[in-house]
Amino acid sequence: MVDLSARADRLDEYLDARGLEAVWFARPNGFAWLLGGDNVVDADADVGVAAAGYDGSFRVVTDNVEADRLASEELPDDVPVESFPWYADSLSAAVAERSPTPAAADFDVAGFDAVDATRLRQPLIETDVERYRELGREAAAAVETVCRNLEPDDPEYEVAAGVEISLASRDVNTPVVLVGGSERAQSFRHYTPSDAELGAYALVSITAEQGGLYASLTRTVAFDPPEWLERRHRAAEKVEATALAATRAAATGTLGDGTAGDVFEAVQAAYDAVGFDGEWRSHHQGGAAGYAGREWIATPGATEPVREPMGYAWNPTVQGAKSEDTHLVATDRTEMLTKTGRWPTHEVAPVAVDGLDDPEPFELHAPVTR
């Protein structure tokens with residue numbers, strides 16, 4: 001369960017600073033962040049079937065079709081649910097009718113301001129971290145279970161289906177499942193599954209979601225790997241390690257202005273140091289993670305503040321190789337969340353870049369050869 005008192009403290013500050021009386025969340029990750037429940041019926045919809053609001057106390061507005069189920073299965077016992085007839089109104093109109101004003105919302109409500117929910121969700125609180133650890137373990141276990149049983153002639157789409165089933169059996173959703181065999185992983189950075197066989201090696205990348213939290217990871221399985229794969233994977237690992245070191249330095253105030261752009265400069269320098277200058281142009285490098293696959297993606301000059309404690313998922317790629325896990329970055333530690341302890345790791349030292357004072361190496365996941 002979420003810590004409602006901590007949410008209330010953060011929202012009180014938000015309302016006071018903007019002179020608002022209420023704030024509402026109907027997008028699934030905003031609803032889940034606020035109350036820990038799921039307001040999704042149609043996974044393709046941007047807005048869920050219920051809105052969670054805060055005006056000094058918490059409450060939920062939904063139609064009569066959903067009210068009893070949400071109260072029974074998705075919400076804390078002390079959060080009231082107000083319903084309206086499904087045929088009589090829209091969720092937006094129902095919220096506008098019931099909310100004190102002025103107010104803000106993360107979906108379109110006439111007369112309401114827009115709320116930047118991404119900023120409100122950062123940094124994580126302790127109950128978020130506890131649930132994040134559980135998600136990370138389950139996501140890694142699901143992917144690694146499938147990867148240990150791969151064969152070179154497996155089609156990519158069958159591997160993807162196996163990953164989705166493995167995650168579903170753990171009550172984890174899979175908004176992103178990428179499987180790239182040796183041919184397509186070299187050609188594309190987003191290797192959406194096809195009927196191609198895996199061949200000499202495979203990259204399996206996912207973003208998993210549970211309770212509104214998101215974790216991303218990639219595992220590499222090699223059968224008859226090309227001679228360059230180890231070098232390129234090591235280079236990607238070096239960039240990931242540098243990104244992690246720079247993230248912690250930015251979060252604790254020892255790197256630049258403590259922004260995403262400062263971390264990105266370290267990433268650019270790392271690519272240069274490992275012999276792949278400019279490779280960052282071929283794919284985004286990742287960024288902050290939590291109640292979105294990426295709360296923000298680092299770009300040159302980005303001004304988003306690097307916060308802690310917070311999840312970060314960096315995903316550097318080097319011409320057919322990729323290194324990616326989700327880490328918790330805090331003042332006193334950097335902790336890999338997407339791990340089981342049953343996939344090989346090795347120590348990877350960050351490259352020496354300006355602003356990083358002799359950072360310690362990180363344990364990152366290695367390819368598995370079968």
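Val65, Trp86 and Tyr87 form a nonpolar patch on the surface, and together they have about 410 Å² of accessible area. Patches are made of residues with over 30% relative accessible area and no salt bridge, where like charges are joined within 9 Å and nonpolar side chains (Val, Leu, Ile, Met, Phe, Trp, Tyr) within 5 Å, and accessible areas come from the Shrake-Rupley method with a 1.4 Å probe, with only the protein chains shown counting as cover for residues. This is a predicted model, in which local features need pLDDT of at least 70 and side-chain atom pairs count only at pLDDT 80 or more, while totals for chains, interfaces and linings use all residues. Residues are numbered from 1 along each chain as its sequence is written, and side-chain values use heavy atoms, with hydrogens and water left out.

- Tyrosine 87 lies in the loop between strand E4 (81-84) and helix H4 (91-98), where helices (H or I, at least four residues) and strands (E, at least two) are DSSP runs numbered from the N terminus.
- Tyrosine 87 is exposed because its relative accessible area is 62%; buried means under 20%, exposed over 50%, and partly exposed in between, with a 1.4 Å probe and protein chains only.

**Two open sheets**

- Strands of a sheet pair through backbone hydrogen bonds, either parallel or antiparallel, and two strands are taken to pair if DSSP finds at least two bridges between them.
- Another open sheet has five strands in the order E11-E10-E12-E15-E16, and its pairing is antiparallel.
- The edges of the five-strand sheet are strand E11 (296-297) and strand E16 (333-336), each with a single partner strand, so one side of each is left without a neighbour in the sheet.
- Strand E10 (residues 286-289) and strand E12 (residues 310-314) pair in the antiparallel sense over four bridges, and alanine 289 stands opposite glycine 311 in E12.

**Salt bridges**

- Side chains of opposite charge can pair when their charged atoms come close.
- The structure holds 20 salt bridges, a salt bridge being a side-chain nitrogen of Lys or Arg within 4 Å of a carboxyl oxygen of Asp or Glu.
- One of them joins the side chains of arginine 59 and glutamate 82 (2.8 Å, N to O), and this pair links distant parts of the chain, with arginine 59 in strand E3 (residues 58-63) and glutamate 82 in strand E4, 23 residues apart.
- Arginine 59 counts as buried because its relative accessibility is 10%, whereas glutamate 82, at 23%, counts as partly exposed.
- The side chains of arginine 98 and glutamate 97 also meet in a salt bridge (4.0 Å, N to O); arginine 98 is partly exposed, with a relative accessible area of 24%, and glutamate 97 is exposed, with 57%.
- A network of salt bridges links Asp55, Arg59, Glu82, Glu97 and Arg98.
- Arginine 294 forms a salt bridge with glutamate 324, and the closest N and O atoms are 3.0 Å apart.
- Arginine 294 lies in the loop between E10 and E11, and glutamate 324 in the loop between strand E14 (321-322) and strand E15 (325-330), so the pair ties together parts that are 30 residues apart in sequence.
- Both partners are buried, since arginine 294 has a relative accessible area of 18% and glutamate 324 has one of 4%.

- Leaving aside residues up to four places away in sequence, arginine 121 touches Arg10, Asn29, Gly30, Trp33, Tyr291, Ala292 and Glu295, where contact means heavy atoms within 4.5 Å.
- Proline 305 is placed in the loop between E11 and E12, and proline 305 counts as partly exposed at 29% relative accessibility.
- The C-alpha atoms of proline 305 and threonine 259 are separated by 4.5 Å, although the two residues are 46 residues apart along the chain.
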